[in-house]
Amino acid sequence: MLAGQVKSVLALGAIGGEKEGSLDALKNLADVIVLTANEGPLPSVASLTVPVASWAEMFGTFRNAKGLDQHFVRAIPSPEGIEPAWKTLVAAAQELGLEGIAYARTGEVRTAMNDAAAPAAGDEAQASAPA
């Protein structure tokens with residue numbers, strides 16, 4: 001970022017353990033877009049803050065440190081017009097005319113992420129081969 005190679009940042013969340021002044025470089029970027037349910041250091045330097053549902057306002061699944069999926073349910077409804085971040089990003093992609101991002105359910109997003117993270121055929125064998 002400091003070398004000028006990064007022009008824009010899209011961030012999810014309001015905080016990330018930033019120290020005083022650590023976000024100053026973001027102020028020089030053309031675009032800093034933050035999707036968040038809360039105020040915090042990142043939204044304070046954003047050129048655009050997009051409200052999204054908090055974890056308490058949606059259903060979901062997270063994978064714990066032991067690799068077990070744990071499901072949670074919505075505790076309270078989100079305000080009218082506020083959606084989870086993934087739905088907000090899908091809607092933005094569709095408005096921009098991007099193809100291949102027409103997810104309607106979280107399971108579709110999870111499958112796409114798993115597919116993208118999976119090593120390509122041969123990569124796994126190559127990575128485990130002795131040097």
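Residues are numbered from 1 along each chain as its sequence is written. Because this is a prediction, local features need pLDDT of at least 70 and side-chain atom pairs count only at pLDDT 80 or more, while totals for chains, interfaces and linings use all residues; side-chain values use heavy atoms, leaving out hydrogens and water.

Let's start with the layout. The protein has four helices and five strands, where helices (H or I, at least four residues) and strands (E, at least two) are DSSP runs numbered from the N terminus. Along the sequence, they come in the pattern β-β-α-β-β-β-α-α-α. Of the 131 residues, 21% count as buried, meaning under 20% relative accessible area with a 1.4 Å probe, protein chains only.

Beyond its neighbours within four places in sequence, Val45 is in contact (heavy atoms within 4.5 Å) with Leu23, Leu26, Lys27 and Val32.

Next up is helix 2, residues 85-95, whose buried residues are Ala85, Trp86, Thr88, Val90 and Ala93. Here are some of the elements that cover them:

| Element | Residues |
|---|---|
| Strand 1 | 8-12 |
| Strand 3 | 48-51 |
| Helix 3 | 106-117 |

Strand 2 is also part of that cover. Just after helix 2, Gly97 takes a positive phi of about 80 degrees.

Conventions. Buried means under 20% relative accessible area, exposed over 50%, partly exposed in between (1.4 Å probe, protein chains only).
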